[in-house]
Protein chains: 4
Amino acid sequence: MTLPAPLAGVVPPVCTPLTPDREVDVPSLIRLVDHLVAGGVHGLFVLGSSSEAAYLTDRHRKLVVDTVVAHVAGQLPVLAGAIDMTTPRVLDHVRYVTEAGADAVVVTAPFYTGTHPAEIDRHFRLIASRSPAPVFAYDLPQSVHSKLGAELVLELAADGVLAGLKDSSGDAGGFRAVVMGARTRPAVSGFSVLTGSELVVDTALAMGADGAVPGLGNVDPEGYVRLYRLCREGDWEGARAEQERLCALFEMVRVGDPGRMGGSSSALGAFKAALRLRGVIDCSVTAEPQVPLSPDEVERVGKYLAGAGLL
Amino acid sequence: MTLPAPLAGVVPPVCTPLTPDREVDVPSLIRLVDHLVAGGVHGLFVLGSSSEAAYLTDRHRKLVVDTVVAHVAGQLPVLAGAIDMTTPRVLDHVRYVTEAGADAVVVTAPFYTGTHPAEIDRHFRLIASRSPAPVFAYDLPQSVHSKLGAELVLELAADGVLAGLKDSSGDAGGFRAVVMGARTRPAVSGFSVLTGSELVVDTALAMGADGAVPGLGNVDPEGYVRLYRLCREGDWEGARAEQERLCALFEMVRVGDPGRMGGSSSALGAFKAALRLRGVIDCSVTAEPQVPLSPDEVERVGKYLAGAGLL
Amino acid sequence: MTLPAPLAGVVPPVCTPLTPDREVDVPSLIRLVDHLVAGGVHGLFVLGSSSEAAYLTDRHRKLVVDTVVAHVAGQLPVLAGAIDMTTPRVLDHVRYVTEAGADAVVVTAPFYTGTHPAEIDRHFRLIASRSPAPVFAYDLPQSVHSKLGAELVLELAADGVLAGLKDSSGDAGGFRAVVMGARTRPAVSGFSVLTGSELVVDTALAMGADGAVPGLGNVDPEGYVRLYRLCREGDWEGARAEQERLCALFEMVRVGDPGRMGGSSSALGAFKAALRLRGVIDCSVTAEPQVPLSPDEVERVGKYLAGAGLL
Amino acid sequence: MTLPAPLAGVVPPVCTPLTPDREVDVPSLIRLVDHLVAGGVHGLFVLGSSSEAAYLTDRHRKLVVDTVVAHVAGQLPVLAGAIDMTTPRVLDHVRYVTEAGADAVVVTAPFYTGTHPAEIDRHFRLIASRSPAPVFAYDLPQSVHSKLGAELVLELAADGVLAGLKDSSGDAGGFRAVVMGARTRPAVSGFSVLTGSELVVDTALAMGADGAVPGLGNVDPEGYVRLYRLCREGDWEGARAEQERLCALFEMVRVGDPGRMGGSSSALGAFKAALRLRGVIDCSVTAEPQVPLSPDEVERVGKYLAGAGLL
């Protein structure tokens with residue numbers, strides 16, 4: 001399908017259900033996609049951080065993007081992460097996800113290597129020049145250890161290199177600068193600015209953002225879709241109440257004992273446990289070397305679901 | 001071949017020569033290996049950071065390891081990096097480098113993802129349990145943003161998980177703790193402690209380290225082999241003089257203008273320019289998105305070579 | 001005066017005008033206070049980061065707080081920073097600012113030293129137990145290199161240790177957690193949550209924050225007061241327009257050449273240049289070792305003022 | 001006294017004994033100085049990080065420097081830290097420590113504020129131009145969050161701004177560059193290069209450093225003096241054995257439970273506990289908000305002392 005310009009709405013990063021022996025669980029993945037589509041989301045983002053892309057082999061990644069694109073069959077746009085260290089490796093991922101039919105690719109700054117601003121600029125320009133699909137920049141400094149500045153993003157947008165931004169940096173001031181620039185600079189029209197922060201979707205939309213890519217949207221797609229509609233209707237009181245309900249639900253990401261596991265094990269473990277408890281996926285195992293939640297911790301996930309009226 | 005335990009001596013991380021269109025330049029790679037072997041090195045480390053592993057596609061990586069292992073043909077041990085974000089992806093690299101015949105694999109802590117100490121521990125244990133070849137830990141906090149503590153390394157060594165450590169952390173105190181532990185704990189016998197810091201090989205060996213993995217060893221393998229011998233003979237005055245000559249030569253890594261490029265573009269660009277100037281490889285291009293050295297900057301590389309008696 | 005609970009509204013961090021030989025310029029300081037009071041602000045915060053507190057000697061700091069408290073004479077609350085590395089040193093500052101009559105003290109986590117969460121907790125409890133005035137926590141990770149977690153802040157609030165938070169962390173999600181906690185936990189009633197981010201005052205207030213501490217409020221206090229009123233009236237469209245005007249004005253912080261100076265030299269230099277151009281203060285010199293703006297850079301500050309209708 | 005150029009040998013950073021109510025314990029401080037002088041040290045460094053300077057009020061700091069300078073009475077050089085955030089505040093400390101008779105001042109890069117290289121350069125030049133005593137740079141990135149580059153240090157040395165460097169950065173390569181520069185550049189003659197790393201004094205001296213500033217030297221001054229002599233005599237085997245004994249002793253810094261306290265509470269708590277157990281000081285309390293060691297943890301300090309033959 002042709003990607004809307006700008007892409008707008010709720011575009012959840014799709015979790016990747018695994019079997020107990022850590023293969024991609026295709027039936028569960030399809031049910032998850034159905035659950036999201038039924039929830040009213042406006043697009044899907046596969047192979048992002050919440051999808052455990054960093055933990056998936058190329059074989060797994062191909063299976064995921066093939067499965068989702070085929071199943072969605074053009075009903076709504078599918079963005080695919082091409083997450084890797086540098087330009088040549090990213091381009092390998094761009095190749096197979098676009099061959100599978102992804103409507104856009106999502107790319108971070110280089111990581112592991114040193115990353116000079118001039119090299120980041122060059123990275124995105126090289127990828128865009130060789131990608132058959134539009135390129136979204138993925139700003140994720142906690143993972144890649146460099147920040148995409150608003151000026152760089154807007155320049156790349158104006159030059160037609162980038163079609164959008166998924167901003168998971170948590171830097172509200174920088175995000176706003178991109179939103180303002182995208183609205184006021186003629187060359188940037190059609191550029192999509194999406195927040196990746198689950199907790200501030202209402203205020204991001206109030207600033208003028210186009211949409212959100214909330215990991216928690218796996219668990220409660222209806223909630224984020226409702227929140228998006230309330231914002232679009234200008235019902236800011238209602239939006240705030242819905243956002244706060246989702247903030248309370250988001251607290252599930254902290255169920256994992258920080259003495260035993262890192263934040264990713266806890267958050268992705270909680271999302272998957274919630275999806276299993278809601279009957280969407282069969283197994284909540286996360287990829288290695290993540291540490292599994294204990295039964296007690298899973299029970300607390302259930303309480304968050306109950307508290308949010310989702311069980 | 002069977003890996004010596006501990007592996008000792010000079011084990012340069014082999015640069016990856018590229019053609020002008022950024023394919024692996026196999027004839028140059030073979031000449032580089034010959035140059036290193038003729039220089040007297042004790043092993044080779046392919047697909048490490050100085051090899052631009054982060055910039056090489058899987059196809060490139062396979063070609064490199066296949067070429068080098070076949071060409072070396074058991075004359076000396078070949079270690080191969082399996083550099084990727086997480087356990088499952090690392091294991092994919094472990095598979096093809098060991099199938100190619102690498103004598104050991106070299107693995108960092110997870111990166112891009114959050115990395116809890118328990119997850120790092122689990123990562124190495126899982127990899128070792130599934131790798132047909134011994135595993136070396138690669139401590140490189142500037143790339144992976146977590147430090148391998150001496151206690152963790154020694155525990156993994158004692159449990160037979162790790163066969164050695166390549167320490168590029170620059171943390172001399174932590175390095176010494178591993179060296180002392182490797183000598184005094186009976187369960188750790190045969191564990192190889194290698195420094196990746198070009199500038200302190202003499203003092204690392206004085207502490208009791210087994211060897212070095214110096215990127216600059218591509219340019220001047222004879223120098224590092226001479227340095228190693230002087231240390232082994234206890235000629236610390238001579239060792240210091242040789243080390244200081246190499247320190248002066250190492251300054252070439254700073255020829256690149258920091259306003260135009262990052263440290264990796266500058267350092268790897270300088271090593272490759274030096275190899276070309278010395279007639280070892282045909283082309284000094286680095287992988288994308290690295291920025292090339294200017295002709296002036298390359299000329300300065302030549303002056304460093306001349307100053308060290310290498311031109 | 002008695003501090004309102006919660007303190008609400010616009011509480012600018014008052015710049016510290018200096019003479020050309022870098023003494024506190026008392027007449028300019030008094031004119032600046034009058035300018036802010038005339039602008040309708042709801043409180044003043046002296047000796048914060050925008051006040052160059054880190055650059056002021058104790059003698060300078062005392063002169064500032066004495067001057068401002070005496071001149072304000074109870075018309076509106078005066079908060080005073082007690083910025084130093086550790087508990088005993090902070091308490092020395094607490095002593096003289098409260099003797100001068102400051103209505104509250106503003107305190108960061110320890111810095112320079114290692115800072116364990118338990119030590120941060122202990123730091124605030126010790127200070128509150130010995131301070132005659134209420135204590136506000138100042139969350140400024142870019143300066144102190146540790147983040148005050150929402151849970152810690154709310155716990156200290158519930159225990160009566162903290163009267164408020166000035167959050168300059170830029171972390172919108174964590175900020176929102178404090179705002180939500182302050183509204184829903186009975187023990188935290190009266191706790192004041194203030195944003196220190198100039199660029200997101202509208203959305204912070206939309207979340208339920210009590211007010212803002214904008215450095216740019218020195219330059220355009222009327223603008224921030226207008227913004228505050230629009231938010232309080234629920235005119236979110238108007239608020240957004242006003243906020244965006246202020247965002248555009250805020251761009252002045254980047255006039256300084258990053259090759260010649262750091263962000264503080266540029267931003268504080270711009271604020272002071274703007275205050276001089278607006279005729280509020282006599283001299284725009286900043287404290288040492290900050291680098292002064294060039295005449296060209298100052299001219300660009302003037303253009304920002306003109307663009308915002310302030311010249 | 002006139003400071004030797006270069007200052008060489010063992011110059012321990014003198015711990016600051018406190019009374020149970022956290023006043024400076026002058027009799028204990030004098031006994032500690034006597035203990036160090038009797039141990040053969042070549043100079044004293046008061047008001048450094050191991051002295052808890054960051055935790056001492058100005059009144060405490062003055063009492064320390066007055067007490068030590070008066071008691072030492074010119075027998076050996078006394079360096080004094082002037083640890084504060086920025087130039088004007090550092091200069092206030094410079095004033096009283098030089099009035100007290102300190103033979104040199106020790107100054108870090110600015111902290112808390114943004115720190116551009118040009119501002120760091122300016123900071124040291126301003127301080128040196130106004131200090132009546134020679135200035136040593138204190139490289140401590142873990143506290144001040146910027147690194148003093150070798151080129152900057154050597155330039156400041158060549159310009160007569162700096163008399164020496166205390167390097168606690170742990171960066172062995174950068175340290176070596178300063179050592180080499182100090183020996184080979186004529187304008188830098190007399191510049192003193194001291195390592196602050198307890199664990200690599202032998203290798204620092206082997207590189208050509210002038211001496212060491214070991215916090216652990218409070219506990220075992222004889223050990224470090226012996227180590228220094230062995231290095232000066234070229235007995236590198238003996239030096240390594242002594243250094244390793246001190247490395248094992250240094251492990252005491254890790255007795256504190258990392259779940260309950262930070263590294264500073266643990267390390268300074270251990271040094272002070274060791275000094276009390278050895279009968280040098282009366283009370284091992286550390287300054288607030290540091291967390292005290294438990295009786296069990298103190299007992300383990302005693303075991304380290306016993307193991308090193310110091311009890």
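These entries record what I looked up in the predicted model above.

**Conventions.** I number residues from 1 along each chain as its sequence is written, and I letter chains from A and number ligands from 1 in the order in which they are written. Local features need pLDDT of at least 70, side-chain atom pairs count only at pLDDT 80 or more, totals for chains, interfaces and linings use all residues, and side-chain values use heavy atoms, with hydrogens and water left out.

**Entry 1, chains B and A.** I looked up contacts, meaning heavy atoms within 4.5 Å. I found 48 residues of chain B in contact with 48 residues of chain A. The two chains bury about 3,600 Å² between them, and carbon and sulfur atoms carry 54% of it. Buried area here is the accessible area (1.4 Å probe) that two parts lose on being put together, summed over both.

I then checked for salt bridges (a side-chain nitrogen of Lys or Arg within 4 Å of a carboxyl oxygen of Asp or Glu). The rule finds six across the interface of chain B and chain A. One of them joins B:Asp58 to A:Arg89, with the closest N and O atoms 2.8 Å apart. I also noted 24 residue pairs in polar contact between these chains, both residues at pLDDT 80 or more. A polar contact is a pair of N or O atoms within 3.5 Å; within protein, one must be able to donate a hydrogen and the other to accept it, and residues adjacent in sequence count only if both atoms are side-chain atoms.

On the side of chain B that touches chain A, at least two residues each come from helices H2 (58-72), H3 (87-99), H4 (117-130), H5 (141-144) and H11 (263-277) of chain B. Helices (H or I, at least four residues) and strands (E, at least two) are DSSP runs, numbered from the N terminus. H4(B) gives the largest share, six residues.

**Entry 2, chains D and C.** I repeated the search here and found 48 residues of chain D in contact with 48 residues of chain C. The area buried between chain D and chain C is about 3,600 Å², with 54% from carbon and sulfur atoms. The rule finds six salt bridges across this interface. D:Glu288 forms a salt bridge with C:Arg130, and their closest N and O atoms are 3.1 Å apart.

I checked chain B against chain C: they do not touch, and their nearest C-alpha atoms are 9 Å apart. Chain A and chain D do not touch either, with nearest C-alpha atoms 9 Å apart.

I compared length with expectation, which is 1.5 Å times one less than the number of residues. The 15 residues of H10(A) (236-250) should span 21 Å, and the end C-alpha atoms are 20 Å apart, which agrees. I listed its buried residues (under 20% relative accessible area, 1.4 Å probe, protein chains only). Among them are A:Arg240, A:Glu242, A:Leu246, A:Cys247 and A:Phe250. Their cover includes H9 (221-232) and H12 (295-307) of chain A, together with H7 (172-184) and H8 (201-207) of chain C.

I located A:Ser50 in the loop between strand E2 (44-46) and helix H2 (58-72) of chain A. A:Ser50 counts as buried because its relative accessible area is 16%. Leaving aside neighbours within four places in sequence, A:Ser50 is in contact with A:Pro13, A:Cys15, A:Gly215 and A:Leu268.

How values were computed: Buried means under 20% relative accessible area, exposed over 50%, partly exposed in between (1.4 Å probe, protein chains only).
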